[in-house]
Amino acid sequence: MIYLDYNATTPIIPAAQKAMFEAFACLGNPSSVHHHGRETRKLLESAREKVATYFGLPARNVTFTSGATEANNLILKGFKGIVLNSAVEHDSVLNVRSDAITVPVNEDGIINLEALEKLLKANDESLVCVLAVNNETGVVQPIAEILQICQKYNSHLHVDAAQAVGKITLNWQDLPSFTISAHKFGGPQGIGAIIINKPLTLSSLIKGGGQERGLRAGTENIIGAVGMGAAFGFDFSTLKPLQEKLENGILNSCPQAIIFGKSSERVTNTTNVFMPNVSSEVQLMHFDLNKISISSGAACSSGKVKTSHVLRAMGIPEETAKCAVRISTGWNTTESDVNQCIAVWTDLFNSQHFKKGIF
Ligand code: PMP
């Protein structure tokens, strides 16, 4: 089996597996004051330190959560003022505040900066939520420029950096706040963090004890935090030659194929590609039968395939968006995986078009 769905989740890198396995020997609640509690607390705080060090930030800025969904919910629900978000956010942003104002993107998937400025002019002191890297297309947003605009209108920029870690470099210290998710960069599922550099008044989402400085009640996920702390390090830019090979391979066999976001800055592990006249479902099934796991642009949690709101927001017609799939690579992807992927894609394209007499 070949796994090419790293944007959905990454396999856990060996260093993180090892650290987690060792942490299983630890017993004790990190909030307990006795020896066992203190030992567990040390493990938790060392994981927090590792996360903070990766971003060049103090450990106190890091609040552990169950992942990026919770972290995004925490800030969006916890903030009582006006919220603006781009049209291409993840569902964990789009489905939280029904009163949020949507900022459009252009045909390349980049947030419309003029529209943002206009909206902020009318709604200063807002919370603006933008994802740094789009999970479906890999398109990178101009975060530094967005930040400048937000600052001009006294607004707090929150960056959903779930798909950014290891893929792009941001001035993390300059971001007022951002969210990360361990399972997108080689750590386990069920752990993430919200990192707050510029304090803002927030009410907590989960009430209970005083863990995580009162911002997130509940006994912390120690094993998860240890795994996340040990997961940093893979440099996705090493995947660039594989991405070029994959995209050239597909475009050479079918010049009508479209790589969405190709003219924008994109991360090196994501290719969202349109195959003329073949639906995402058919493509997914064909790949699965050929032992390759890929994704439609937006596989929602129910497992159903729906038309991508990201592609639609980029002005791509529904009929075209319905024929897109996402191929995403990571630390364990090989050249042979990519060759196999090109062969399976080409084979399907040729067979479908032959059957439909499209040649
Ligand atoms: N934001 C983005 C951009 C994502 O890609 C994802 C995961 N698909 C999330 C948020 C949610 O992350 P988690 O699975 O940690 O809740």
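A pocket, as the word is used here, is an open set of grid points with protein on both sides within 12 Å along at least five of seven lines, and its lining residues have an atom within 4 Å of a point. Keep in mind that this is a predicted model.

With that definition in hand, let's look at the second largest pocket. Its lining is made up of Arg 60, Asn 61, Thr 63, Ile 196, Asn 197, Pro 199, Glu 212, Arg 213 and Leu 215. By type, these lining residues split into 3 nonpolar, 3 polar and 3 charged. The volume of this pocket is about 180 Å³.

Now to the ligand. The shell around the ligand has 13 residues, and the closest are Thr 69, Asp 160, Gln 163, Ser 181 and Lys 184. Of the shell residues, 8 are polar, 3 nonpolar and 2 charged. The table lists some polar side-chain contacts to the ligand.

| Residue | Ligand atom | Distance |
|---|---|---|
| Thr 69 | oxygen | 2.5 Å |
| Asp 160 | nitrogen | 2.7 Å |
| His 90 | nitrogen | 3.3 Å |

As for cover, the ligand on its own has 400 Å² of accessible area, and the protein covers 86% of that.

Finally, a word on the cysteines. How many disulfides does the structure hold? The number is 0. Take Cys 323, which is in no disulfide: the nearest cysteine sulfur belongs to Cys 254 and is 11 Å away, whereas a disulfide calls for two cysteine sulfur atoms within 2.5 Å. Is Cys 323 buried or exposed? Cys 323 is buried, because its relative accessible area is 8% and buried means under 20%. Cys 26, at 26% relative accessibility, counts as partly exposed.

Technical notes: Residues numbered from 1 in each chain as written. Predicted model: local features only at pLDDT ≥ 70, side-chain atom pairs only at ≥ 80, totals over all residues. Heavy atoms only, no water. Near = heavy atom within 4 Å. Polar contact = N/O pair within 3.5 Å; in protein donor to acceptor, adjacent residues only side chain to side chain. Areas by Shrake-Rupley, 256 points an atom, 1.4 Å probe, with all protein chains shown as cover. Nonpolar A, V, L, I, M, F, W, Y, C, P; charged D, E, K, R; others polar. Buried < 20%, exposed > 50% of the residue type's maximum accessible area, 1.4 Å probe, protein only. 1 Å grid on protein atoms, 1.4 Å probe; cavity = no way out; pocket = protein on both sides within 12 Å on 5 of 7 lines; lining within 4 Å. Points joined across faces, edges and corners; volume = space filled by probe spheres on them.
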